[in-house]
Amino acid sequence: MFGGAFNPPTIAHIELADYARTAVGAEYVIFVPTKNAYIADEQHKSYVFSDTQRLAMLERIAGRHPWMLVSHYEIDSEAQPRTYQTLCHLKEEGYQCRLLMGSDKLPELEHGWKFVEQITQEFGIVCMERSEDDVAEILKNDAYLSTLIPFIQVLPTPAKTRHVSSTAVRKLLSEIQASYVQLKTMVPTEISETLIQCVLEDETCETE
């Protein structure tokens with residue numbers, strides 16, 4: 001299970017998910033986008049694509065990647081579910097999941113997440129190293145995280161994806177005329193024209 005805003009999806013999301021899937025021998029990666037309100041109100045993003053847009057972008061990309069599934073569960077829920085609830089829902093649907101996350105989320109686990117012990121012990125975590133993080137050292141030197149080591153599989157990530165992020169894409173979108181060529185190197189081809197058209201029309205993107 002790969003949860004997140006995907007605001008918008010990038011080539012790093014897709015390539016790293018497939019890399020992790022292959023590394024752990026999984027059949028699928030289930031992308032689970034969060035609710036729009038959560039992105040704007042809790043994460044305080046200044047530029048937010050709508051629930052419909054983010055789902056449509058992920059589903060368009062998934063159409064060319066048979067290993068990629070997209071779940072509407074969190075977006076269709078009345079309130080933003082916790083990650084543990086989503087994992088339990090996917091288990092009820094018949095999937096045997098582990099949580100896929102980036103190493104930038106590790107510092108948040110102790111105080112920012114709920115049900116961490118249940119997530120780690122019942123499902124497990126696959127953690128992708130981001131930027132220059134040394135995840136082994138981070139886990140070993142943190143009193144709380146060190147207790148989770150048996151339940152976390154760490155994967156080093158390819159260097160070519162480390163400069164790509166949704167934040168960088170949104171910045172390029174705000175400077176669209178100067179950044180068109182660079183933008184197309186950071187997002188899947190299935191959605192690049194959609195993103196550009198969205199910004200040019202300035203009608204279908206929601207902002208704070």
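This is a predicted model: local features need pLDDT of at least 70, side-chain atom pairs count only at pLDDT 80 or more; totals for chains, interfaces and linings use all residues.
**First selection: helix α5.** Select residues 83-92, which form α5. The buried residues of this helix are T83, Y84, T86, L87, H89 and L90. Displaying the surroundings shows what these buried residues pack against: β2 (29-33), α4 (73-76), β5 (99-102) and α7 (116-123). Beyond the helix, select G94, which follows α5 and has a positive phi, near 105°.

Show residues 116-123, the helix α7, beside α5. The two helices pack at an angle of about 30°, and their axes lie 9 Å apart. With the cut-off at 35 degrees, α5 and α7 are therefore roughly parallel to each other. The crossing of α5 past α7 is left-handed. On the α5 side, select T83, Y84, L87, C88 and K91; these meet Q118, I119, E122 and F123 of α7. By class, this contact comprises five nonpolar, two polar and two charged residues.

Proceed to F2, F31, M68 and L100, the residues with the most contacts inside the largest nonpolar core, which has 30 residues. Elements that each supply at least two residues of this core include α1 (11-24), β2 and α11 (189-201). The largest share, six residues, comes from α1. Centre the view on F31: among the residues that it touches are F2, H13, I14, A17, L58, W67 and M68. Apart from this core lies another, of 22 residues, among them I30, L90, Y144 and L148. Selecting L90 returns the view to α5, where this residue is buried.

Notes:
Residues are numbered from 1 along each chain as its sequence is written. Side-chain values use heavy atoms; hydrogens and water are left out. Buried means under 20% relative accessible area, exposed over 50%, partly exposed in between (1.4 Å probe, protein chains only). Helices (H or I, at least four residues) and strands (E, at least two) are DSSP runs, numbered from the N terminus. Contact means heavy atoms within 4.5 Å. A nonpolar core is a set of buried Ala, Val, Leu, Ile, Met, Phe, Trp, Tyr and Cys residues joined through side-chain atoms within 4.5 Å. Axes are lines fitted to C-alpha atoms, for helices over the stretch in contact, and angles run from 0 to 180 degrees between N-to-C directions. Angles under 35 degrees count as roughly parallel, over 145 as roughly antiparallel, 65 to 115 as roughly perpendicular and the rest as oblique. A crossing is left-handed if the near helix is turned anticlockwise from the far one by less than a right angle, and right-handed if clockwise. Ala, Val, Leu, Ile, Met, Phe, Trp, Tyr, Cys and Pro count as nonpolar, Asp, Glu, Lys and Arg as charged, and the others, Gly among them, as polar. Lists of a residue's contacts leave out its neighbours within four places in sequence.
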